[in-house]
Amino acid sequence: MEEIKSTIKIGGMSCAACSARVEKKLNNLPGVKQAQVNLLSNKATTFYDPEIIKLSDLEEAIRQIGYEVLPEEDGNYINATLAIEGMSCAACSARIDKKLNSTPGVVNASVNLLTNLAKVKYDPQLISIDEVEKVVDKLGYPTHWIEQREHPIDSPDKNTEIKKLKFLLGASAILAFPLILNMVLMLFDIRVSFLHNPYWQLALATPVQFIIGYRFYRSAFLALRSGGSNMDVLVVLGTTAAYFYSLYNISQGEMHNIYFEASATIITLILLGKYLEERAKNKTSEAIRVLGSLQPRSARVVRQGEEMDLPIEEVRTGDLVVIRPGERIPVDGIVEEGHSAVDESMLTGESLPVEKRPGDPVVGASINKNGSLKFVVTRTGQDTTLAQIIRIVEEAQGSKAPVQKIADQVSGIFVPAVMGVALLTFILQYWIKADITIAVTTAVAVLVIACPCALGLATPTAIMVGTGKGAENGLLIKGGGFLELLHKVDVVVLDKTGTITRGKPALTDIIALGSYEGDEVLRWAGILEKHSEHPLGEAIYASAREHYGNLPDPEDFKNYPGQGVMGKSANQALAIGNRSFMHSQAIDTAGAEEQARLLEEAGKTAMYLAIDGKLAGLLAVADTIKENALAAIQALKDMGLEVYMISGDNQRTAQAIARQVGIETVLAEVLPEKKAEEVEKIRQSGKIAAMVGDGINDAPALATADIGIAIGSGTDVAMETAGIVLMSGDLRGISAAIKLSRQTMRIIKQNLFWAFFYNSIGIPFAALGFLSPVIAGAAMAFSSVSVVSNSLRLRRFEP
């Protein structure tokens, strides 16, 4: 096959050494003919042999050396979702996964047994979506691609499948009950003639075997036709062997060695397991259904001066929407009129209502508590915050965690291996005991006890419940890989501004000097700073306005960038600024310099106020600490994690903030473009680093870290780059996310242990003749149910 050219966009490269390192790594990979990395465009152009190496391998190699693989901006690749029918076990999903990932033109594919969906990333220049569908169809699984939101929250297909299984289970149980009753009575040597009649048993077992069991035959046939095998092959082989062996004995006049009850009971028990499994799986997606049910179906819109109720689909950006007390806000917008408290707990996990005034944003699905609001619509449809949250959670629930790879590898060879063990068991049992009945029953027991389903469901069920539970608590986790990696984190690096602090300076201290009172100092300072555009000046004016309401405009206002401002009011000359500005205006600051020094050591910015050429007071402004920052950081330290703070502030100011929140390790005077380098240094020391930030300048560091955590109140760029988003902006969400990750991984490990333990113990026991086919079938049926039920324990998680 001729070589393929691909372009990979890379994040986190900051210098020529980075690009050289990536280029060297790529060129050393087997199958890569040539690789060139351009630092300016942050892209790697590679020529490789697709029979030796896949594009996903190239991307993984880049990630392994600490750089991010970013989505292509020029649309080179297309992401599609395929709905797949007929997958019955992990062997099915593993075969489809392997086939798709080995198809030329498919960049990456992930098949989820739990959701019956495949996420496929492909190159449209090499393969079309129709050709991707045909690849899966040829394996015997009907497939069609779906739109992003085509699969509804309450899937009718899933509910129909549950109802169908319930009907089949009921019919099978009714037909199998007399057979089971006869088996039980025989154990006590009680004979009921009509129950013991072999033709009566044949009449009951036949519809169970071939009508109710048709789904197993069909699935097995499709799998074998395409050269594969799955769990249904094992069920069909086992039950068919028991059925026809019994039929053969009847034809020979042998009325004792009849096992119709085994074949019928096995099918009934497997249907019971499937039914319970589907119901349990349905509960794992409960978080998505809850989120989807939050959006109102209509909105009260003002058009041409009249209020009218419109379907939510007809609401447009720019519409004016009216919300009354107690109503749910239908879409995102900006408050234009009114004042109220809004409950956003269903999206952020924050229990306290948030005050809303004109100019404040409102989020669709939140509840207006006690006042009326009018707001202008800013986002509708798939652009709303709620829709984006649902999309992120769905994608996360459909993703695979790295820990699942071992289960996928085992599932791929599991069924053929079990068939080999069953054949060997039959031969050895017949050779040792010279009894065909014992040989058949032990072989059947081996076939029906093997359960690849438990392996296939061990990870995705826990990931689905874990990510859903995170969303309920305001923690948006974008994939199973992030959820898995989070529990390994050693170091949490916190950006200062907007993460530890509010990112909005506030007036903290007023010191009156001379004959002036504190209230006077604040009022004069507020008047002068009314026209200021500097954040520190705006903080002073905001505090003065809060105390005094409307203030008069200053006269002759002059701004001296980086120094201070001057103006007049009520015939008094006013000046505010730093020490050097005061000296430039010949104003003596000697009487206040010691107090200013103490303020600055506390991490505050001190400004002098002069009235008519004489010092009147000191005002200190600081970016205040978030309310729960200290508790959040202490919680991280209690979990055994190292906590760093990174800031562009000088060492003295940064240390002052760090002391207030209990952080010992401070990375100060770090320019925005150097944050990523500092995070990389931590990673190079062998530690797993999580970076927490909120701004555009944090995005490179979020991408460089092993896992990026964005504050939900921050910029869209930061939230796009991060693997986890804290919707409420509360730093306590970091420890909650790590706890959720640890608990999820504990559940996954338990699931995998029991799945492997069950098969590794059950199969030998069945092969040695210690288990009857009926007991083996019951054990197989309930093994996958136990795995799903164990995952559902995560629903009780409390952060």
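Visitor: Which residues of helix H24 (residues 651-661) are buried?
Guide: The structure is a predicted model, in which local features need pLDDT of at least 70 and side-chain atom pairs count only at pLDDT 80 or more, while totals for chains, interfaces and linings use all residues. Residues are numbered from 1 along each chain as its sequence is written, and side-chain values use heavy atoms, with hydrogens and water left out. Helices (H or I, at least four residues) and strands (E, at least two) are DSSP runs numbered from the N terminus, and buried denotes under 20% relative accessible area, exposed over 50% and partly exposed in between (1.4 Å probe, protein chains only). By that criterion, the buried residues of H24 are Thr 653, Ala 654, Ala 656, Ile 657, Ala 658 and Val 661.

Visitor: Which residue with a positive phi follows H24?
Guide: H24 covers residues 651-661. The residue that follows has a phi near 80°, and it is Gly 662.

Visitor: Within what arc do the buried residues of H25 fall?
Guide: Helix H25 (residues 675-684) has Lys 675, Ala 676, Val 679, Glu 680, Ile 682 and Arg 683 as its buried residues. They line one face of the helix because, seen down its axis and taking directions from that axis to the C-beta atoms, they fall within an arc of 155°.

Visitor: What is the phi of Gly 686, which follows H25?
Guide: H25 comprises residues 675-684. Gly 686 comes after this helix with a positive phi, near 95°.

Visitor: In what order do the six strands of the open antiparallel sheet lie?
Guide: Two strands count as paired if DSSP finds at least two bridges between them. Strand S20 (501-512) and strand S21 (555-560) are the edges, each pairing on one side only. The twist from one strand to the next averages 20°, with axes as lines fitted to C-alpha atoms (for helices over the stretch in contact) and angles from 0 to 180 degrees between N-to-C directions. The order is S20-S25-S24-S23-S22-S21.

Visitor: Which residue of S25 stands opposite Pro 505?
Guide: S20 pairs with strand S25 (residues 614-625) over eight bridges in the antiparallel sense. Opposite Pro 505 stands Asp 623.

Visitor: Which residue in the turn between S22 and S23 has a positive phi?
Guide: Strand S22 (residues 564-569) and strand S23 (residues 572-577) run antiparallel and are joined by six bridges, with Lys 568 partnered by Ala 573. They form a hairpin with two residues between them. The turn residue, with a phi of about 50°, is Ala 570.

Visitor: What is the bridge partner of Ile 576 in S24?
Guide: S23 pairs with strand S24 (residues 605-611) in the antiparallel sense over four bridges. The partner of Ile 576 is Leu 609.

Visitor: What is the bridge partner of Val 342 in S16?
Guide: Three strands form an open antiparallel sheet in the order S14-S13-S16, with strand S14 (354-356) and strand S16 (367-368) at the edges. Strand S13 (residues 340-343) is paired with S16 by two bridges. In S16, Val 342 is partnered by Asn 368.

Visitor: What separates the centres of domain 2 and domain 6?
Guide: An automatic or database domain assignment divides the protein into six parts, among them domain 2 (78-150) and domain 6 (503-624). Taken over C-alpha atoms, their centres are separated by 65 Å.

Visitor: Which residues does Ser 219 contact, leaving aside its neighbours within four places in sequence?
Guide: Ser 219 belongs to helix H8 (residues 214-225) and is buried, with a relative accessible area of 10%. With contact taken as heavy atoms within 4.5 Å, its partners are Gly 86, Ser 88, Asn 230 and Asp 232.

Visitor: Is Ala 417 buried or partly exposed?
Guide: Ala 417 lies in helix H14 (residues 405-433). Its relative accessible area is 44%, so Ala 417 is partly exposed.

Visitor: What percentage of the residues of the protein count as buried?
Guide: The C-alpha trace spans about 120 × 65 × 50 Å along its principal axes, and the secondary structure comes to 29 helices and 30 strands. Of the 799 residues, the buried share is 53%.
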